[in-house]
Amino acid sequence: MELEGLFRFSIDNALELIISFDENGIITYANPSAKQQLEFEEGLYGHQIKEIFPAEFQSEGEKAVPLQKSGNVLRDMMAYRKNKTCFPAKGRLFLYREQGEKKQYVCIAYNISNESFLEKKASQAGQEAEDALKVKSEFVANVTHELRTPVNGISGNARELLAMETDKEKRKRLELIEHGCQDMNTLINSILDFSKLEAGKFTLEPRKFDFREMMEYVKENHSNRIIEKGLEFTISVSPKIPVYVIGDKLRIVQILNNLISNAYKFTSVGGIHVEVVKTAQTDNRIELFFMVIDTGIGIPKDKQDKLFQSFVQADASISRRYGGTGLGLNICKQLTELMGGSIHVESEYEKGSTFTFHIWVEIPEEEAGAESVSEPSVDVDTQSLLKKLQNISEERVSKKIWQYGTTENNNEVKKKMSKLILSVEMENWEKAEMFAESVKKLLEDAPREVKSAALRLKMSVQKGDYGKTTETFELLQGIIMDHGGKSDGTEDK
């Protein structure tokens with residue numbers, strides 16, 4: 001009896017609608033929640049179940065017969081109140097008791113109005129977000145195309161004036177205008193690519209191309225300015241990579257250009273090394289693994305997770321000092337993912353960085369031949385290769401290079417000073433400033449007098465003052481000699 005009372009108490013206080021009815025569809029019991037939600041204050045006893053769930057029953061004479069078999073199946077229903085308004089519900093219909101022709105059914109349902117409302121709101125919000133993204137993408141595309149026209153017009157006129165101008169000061173200003181236009185076009189292209197990727201409208205255009213010819217193009221595109229900066233630059237391609245592959249050549253070059261440009265921007269001594277190997281093959285598809293290793297300023301561990309986010313630099317000071325929008329690496333990440341791969345970074349602050357990415361390309365039928373395999377095969381242990389290349393990079397840039405007075409430091413200072421004065425004589429102040437910054441950094445461990453002279457040299461270069469720069473240059477050279485720095489690269493014992 002106690003158990004029956006507990007059962008009755010549970011039903012009476014349940015939040016769900018619990019309604020019992022007989023084989024004729026006449027309601028014999030409804031719990032308080034059903035009475036309240038269906039607004040039958042006087043109770044539901046004696047009413048037809050078809051009044052509450054008209055879509056679930058059909059009339060056969062005076063009887064209400066379920067349209068679907070009873071059972072433990074949760075289904076969508078519409079429950080009607082006394083005033084004929086309705087609300088969505090989910091419920092189950094059970095055959096509770098059967099004695100001869102007499103049957104007793106139970107319907108348990110719960111109101112899902114709130115869930116339905118929230119679902120519609122979420123769907124509406126999703127649609128609104130999609131529409132907003134579409135409008136934004138179209139706006140960005142239109143603005144970038146509109147910006148390109150005046151930028152190209154300014155650039156074209158600057159080039160024409162440069163061909164006619166002989167005055168050095170005017171030529172310098174025209175070159176700055178042209179350089180600014182190039183930066184603007186790069187920025188416009190990055191924003192347009194990012195907008196397309198974000199909107200999901202970016203599509204790859206895979207074509208057959210000569211892989212080594214592409215890598216040679218990348219090398220020629222960067223080698224002059226990297227070597228001019230006094231850095232080593234090498235590119236190595238594994239002989240296991242086929243001559244021709246099928247992929248989006250333009251986007252692979254875009255990723256490499258971005259990573260090499262970043263390495264160039266943040267590296268003042270040492271060098272940049274690019275390695276490409278074939279790491280795996282499945283049928284006519286091969287995985288290519290790229291490494292871009294530099295001996296630059298490096299990235300602190302706590303900043304590395306921000307690198308591939310859009311509009312984010314590892315450090316705000318980097319944006320101020322080196323420029324950039326923070327879009328490049330995010331675009332690289334999305335492009336590698338579109339090509340079935342991913343991109344990663346390993347770096348140590350002030351010791352350089354290693355960016356790696358892998359992508360999948362296809363081998364043309366005429367090149368596949370006997371190499372085609374049905375099971376995935378691994379050609380290279382990328383971890384051991386990375387370790388080997390990083391060791392080479394560390395050997396190229398000894399820690400002694402930053403220690404004032406060592407042979408390595410003297411030689412590097414001498415090299416940068418030579419390139420600095422040559423840039424000044426050629427009135428290439430942008431390069432001169434780059435070398436002045438390198439000299440200043442190499443002399444950070446020097447006595448105060450030397451560091452002060454290096455700072456004054458950088459400031460005079462920034463002002464573009466030829467007389468002051470040459471004077472400060474000779475002063476710094478003399479101070480270095482007085483403090484034991486030898487022009488032949490030897491050091492005092």
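The model is a prediction, so local features need pLDDT of at least 70 and side-chain atom pairs count only at pLDDT 80 or more, while totals for chains, interfaces and linings use all residues. Residues are numbered from 1 along each chain as its sequence is written, and side-chain values use heavy atoms, with hydrogens and water left out.

The chain holds 15 helices and 15 strands; these are DSSP runs numbered from the N terminus, with at least four residues of H or I for a helix and at least two of E for a strand. Of its 493 residues, 40% count as buried, meaning under 20% relative accessible area with a 1.4 Å probe and protein chains only. Looking at contacts (heavy atoms within 4.5 Å) between residues at least 6 apart in sequence, 63% join residues at least 24 apart.

Helix α7 (residues 249-266) has two helix partners to look at here. With α6 (residues 211-228), the axes come within 11 Å and cross at roughly 25°. That makes α6 roughly parallel to α7, a label for angles under 35 degrees. Axes here are lines fitted to C-alpha atoms over the stretch in contact, and angles run from 0 to 180 degrees between N-to-C directions. The crossing is right-handed, that is, the near helix is turned clockwise from the far one by less than a right angle.

From α7 come R251, Q254, I255, N258, L259 and N262, and from α9 come G328, L329, I331, C332, L335 and T336. The tally is six nonpolar, five polar and one charged.

Over in the strands, β3 (residues 57-60) and β4 (residues 63-66) run antiparallel and are joined by four bridges; DSSP must find at least two for strands to pair. Two residues lie between the strands, and G61 takes a positive phi near 70°.

Finally, H358 belongs to strand β14 (residues 352-362). H358 counts as buried because its relative accessibility is 17%. Setting aside neighbours within four places in sequence, H358 touches E287, L288, F289, T336, G340, G341 and S342.

Key: Parallel < 35°, antiparallel > 145°, perpendicular 65-115°, else oblique. Buried < 20%, exposed > 50% of the residue type's maximum accessible area, 1.4 Å probe, protein only. Nonpolar A, V, L, I, M, F, W, Y, C, P; charged D, E, K, R; others polar.
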